Amino acid sequence: MKNEIKPINILVKGLSLFILINILFAVWQPKIGQFSAYNAIFPGRERLPFGENSAQAYNLSLFDLDAMFASHVINDDQKQDDEFRVILIGDSSVWGTLLKPEETLAGQLNSADMSACGKNVHVYNLGYPTISLTKDVLMLSYGMKYEPDLVIWLTTLEAFPMEKQLASPIVANNQETLNSLRSRYGLVFDPNDPAFVKQSSWIIVNRRAFADIIRLQIYGVMWAATGIDQIYPVNYEPAQINLEDNEKFHEAKPPMLDTKSLAINALETGIRVAVDTPVMIVNEPMLISNGENSDIRYNFFYPRWAYDQYRDMMAELSQKNDWNYVDLWDAVPANEFTNSAIHLTPTGEGLLAEKLAPVIMATCK
Amino acid sequence: MTINQILIVVAAALFWGFVMRERGRLHFILIASIIVIFWLQSALPLRGFDFWLPVATLVITIFSWYITAALEARHSRKNWSTLALIITIVLLLNLTRFLPFDPALTASRPPQTEILLLILALSGLFLFLTKKLTRFHTALLAIAIISLILIFLAIKVPAFAYWVSYGIRLLTSQSLEQAKITDLRWLGFSYVAFRIIHTLRDRQMGRLPDVDLAEYMTYVIFFPAFTAGPIDRIERFMKDLRQPATALGNDELLVAGQRFILGLFKKFVIADALALIALNDVNALQVRTAGWTWILLYAYAFQIYFDFSGYTDIAIGTSRLLGIKLPENFSTPYLKPNLTQFWNNWHITLTQWFRAYFFNPTTRWLRSWKNPLPMPLMILVTQVATMVLIGFWHGVTWNFTLWGLWHGLGLFIHNRWNEFTRARATAWATTPIRQNVLAISGVLITFHFVALGWIFFALSSTSTSLHVFLKLFSIK
């Protein structure tokens with residue numbers, strides 16, 4: 001008797017297998033992001049994966065924190081006894097937009113060969129583009145797994161407005177982690193905010209996320225081969241010097257900056273997340289314009305009145321809570337900014353590193 | 001082709017296979033093929049050309065059939081009906097310009113119907129004139145071949161392509177500053193041209209089977225193979241097309257499905273993943289070490305193989321659903337122990353085409369000389385010329401020329417080397433281990449020779465290619 005293979009049987013079996021794998025996956029929920037070719041086949045990345053044009057940057061934005069950190073050089077080895085581990089948290093200015101890895105703040109601090117508490121200082125860049133304190137807390141909470149001896153958290157007023165907190169895609173796609181930060185450390189946010197992207201355990205729903213994890217591994221070849229992880233355009237639009245005659249900061253108008261509209265709770269949560277690891281909060285340098293309407297605004301982001309009140313508020317909060325706070329808002333001259341009022345040139349990063357290095361070396365856990 | 005386009009094409013083939021299998025195959029394929037060549041043509045910067053180029057494909061094909069068909073067959077009722085069907089489909093596609101939503105079957109809104117009618121009328125007039133020139137039939141065949149080659153050069157030689165675009169822009173009052181060599185990306189023309197030249201040449205030689213207009217059109221623009229081959233031979237294609245269609249059985253569905261799924265996997269999983277790291281003009285200048293340059297080159301070598309052979313598998317699988325067994329185009333080429341065997345197994349239908357219509361006739365012609373060239377020189381001339389022409393088929397640029405030269409010289413050297421060492425190799429390879437050593441080293445050397453040749457193929461400038469060569473061997 002002829003043993004005939006029927007295509008319909010193959011189709012049914014294939015479909016059944018697919019459904020079974022989906023169910024198993026949904027029940028088991030394996031953390032596939034933790035398996036990484038980085039730090040094994042390819043060297044770990046100097047900064048977290050982020051890229052809007054992956055084909056040219058050999059990098060891409062994804063929302064799986066496991067995969068992101070697994071690709072980072074911080075995930076390479078166990079911390080050595082003689083290492084004084086510093087992690088930098090912050091926005092694109094810390095991540096290093098338009099800067100090569102060695103030109104970033106972390107790169108320049110590492111090249112300074114510092115020591116603290118009799119140990120060799122090693123600085124890890126855990127900055128991530130998009131400005132939001134909640135996003136910083138998210139990164140910090142993950143970064144704490146790597147046992148830092150010091151957390152340097154660079155921030156700016158633009159990270160504080162409530163409406164900015166969940167606007168970062170990495171935040172919107174990680175509600176579960178935020179929920180855990182809420183229950184453990186009291187992070188305040190609206191769990192029903194429509195900004196959140198609904199999570200699913202099904203492979204079919206997460207296929208884009210899985211494809212991104214695979215693409216990230218493949219781009220490891222290009223990272224290893226070229227050392228490039230972002231696009232370095234020959235020309236770019238420089239940061240705005242001539243400013244609008246506008247005194248508004250988001251929805252706030254002079255004379256008073258309403259602190260209720262600022263996510264101070266996120267800052268406090270971050271300090272709690274660090275537990276007993278020292279946290280240095282740095283008010284990051286910004287461009288101070290001398291162009292049109294610079295008597296009204298410091299730069300594209302900030303009207304003078306709001307920023308001045310923010311600095312006063314930070315100084316007051318730090319004093320009240322005994323925070324290690326360093327205000328470096330004017331540490332870098334206007335000509336050392338690139339395409340944004342917070343993005344620095346390599347020289348600008350060097351100036352910032354010079355200011356921070358003595359503070360790091362004076363820190364002991 | 002995108003995966004969605006491929007799935008729609010396969011759905012159409014399955015629809016016919018299950019629903020209409022035993023009737024109307026020829027007309028189903030013809031209608032689907034005409035629609036597909038409009039649908040797949042990408043948008044072009046030249047206004048209306050994403051419609052005019054498929055129209056040109058159809059007009060050229062009809063004209064080619066007309067001059068290759070037997071005189072008595074040209075004006076049969078059946079062929080008039082086919083012509084009417086083709087014109088109706090083109091007109092209907094054009095009339096979608098009046099629909100209130102964006103057209104789905106053309107890349108942009110089709111151009112004015114009056115111009116289409118004018119072009120159709122002029123084409124009819126041209127055919128009428130051709131009819132009057134019956135006594136110059138042989139010359140017409142030659143003129144048609146030369147015209148196709150000239151069109152080919154006009155879109156493949158960068159300088160010509162620029163001036164053609166410039167001229168079209170001048171005539172149609174479009175921005176002259178925007179003229180680019182990529183303005184005339186004529187989908188499938190390379191394959192269409194080669195299929196038509198094959199029929200014209202076979203007609204000249206008296207070998208062309210009698211085919212009616214519908215069969216000829218179906219052969220030239222057969223939708224599963226329109227964009228990426230294989231280049232079938234018309235007599236073989238007709239054998240399948242004329243066989244009575246039967247219901248789509250399990251065996252056929254299984255074979256077609258396996259081939260199709262394999263093709264999808266090769267193209268959209270392996271090739272597209274390798275494309276992220278394959279050698280290109282940008283990363284060629286960014287890569288830091290020789291080792292990684294080799295990795296990028298290997299990635300390119302496998303990417304181009306899986307991409308192209310994947311598309312072939314998709315075409316073969318889809319056409320099987322329609323009862324057409326397209327010829328194979330690849331047969332594990334990277335596992336062949338020498339360059340001659342590589343070229344017998346890489347893009348098989350293209351190399352067979354060149355063998356039939358260039359290499360063999362040229363060799364015969366050279367041999368017919370009163371004082372023929374010495375054999376090695378004759379082999380050198382024919383192999384280099386053939387491979388350079390294959391290079392030109394991909395694009396008339398310095399790099400494709402160098403790629404052709406690389407392979408032409410490689411084939412010649414292999415030929416001479418084989419002549420020189422055959423007896424010694426046979427004498428040495430007396431044990432299975434020695435035979436394996438010879439076979440494996442042959443595969444490795446051949447693969448690396450081919451991979452190094454891909455440098456010219458992957459990159460657009462000779463200076464970047466030289467840079468990569470030096471980098472690979474740590475000279476730079």
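In chain A of this predicted model, strand 1 (residues 83-89) runs parallel to strand 4 (residues 150-155), and four bridges join the two strands. Chain A and chain B touch each other through 14 residues from each chain, and chain B is assigned two domains, domain 1 (24-242) and domain 2 (327-472), with bounds that come from an automatic or database domain assignment. Because the model is predicted, local features need pLDDT of at least 70 and side-chain atom pairs count only at pLDDT 80 or more, while totals for chains, interfaces and linings use all residues. Residues are numbered from 1 along each chain as its sequence is written, and chains are lettered from A and ligands numbered from 1 in the order in which they are written.

**The sheet of chain A**

- A:Leu88 has A:Ile152, in strand 4 of chain A, as its bridge partner.

**Helix pairs**

- The axes of helix 6 of chain A and helix 10 (residues 264-273) of chain A come within 9 Å and cross at roughly 10°, which makes these helices of chain A roughly parallel, a term that covers angles under 35 degrees.
- In this contact, residues of helix 6 of chain A, among them A:Leu133, A:Val137 and A:Leu140, meet residues of helix 10 of chain A, including A:Ala266, A:Leu267 and A:Val273; residues are in contact if their C-beta atoms, placed from the backbone, lie within 7 Å.
- By class, the contact of helix 6 with helix 10 of chain A has six nonpolar, four polar and one charged residues, where Ala, Val, Leu, Ile, Met, Phe, Trp, Tyr, Cys and Pro count as nonpolar, Asp, Glu, Lys and Arg as charged, and the others, Gly among them, as polar.
- In chain B, the axes of helix 3 (residues 49-68) and helix 6 (residues 113-132) come within 11 Å and cross at roughly 15°, and helix 3 and helix 6 of chain B are therefore roughly parallel to each other.
- The contact of helix 3 of chain B with helix 6 of chain B has seven nonpolar, two polar and no charged residues.

**Domains of chain B**

- The C-alpha centres of domain 1 and domain 2 of chain B lie 33 Å apart, and 13 residues of domain 1 of chain B are in contact with eleven residues of domain 2 of chain B.
- Helix 9 (189-204) of chain B is one of the helices that supply at least two residues of the domain 1 side, and the largest share of that side, five residues, comes from helix 9 of chain B.

**Between the chains**

- On the side of chain B that touches chain A, helix 12 (250-275) and helix 13 (290-321) of chain B each supply at least two residues, and helix 12 of chain B gives the largest share, five residues.
- That side of chain B has nine nonpolar, four polar and one charged residues.

Notes. Contact = placed C-beta atoms within 7 Å. Pairing = 2+ DSSP bridges. Axes fitted to C-alpha atoms, helices over the stretch in contact; angles between N-to-C directions. Parallel < 35°, antiparallel > 145°, perpendicular 65-115°, else oblique.
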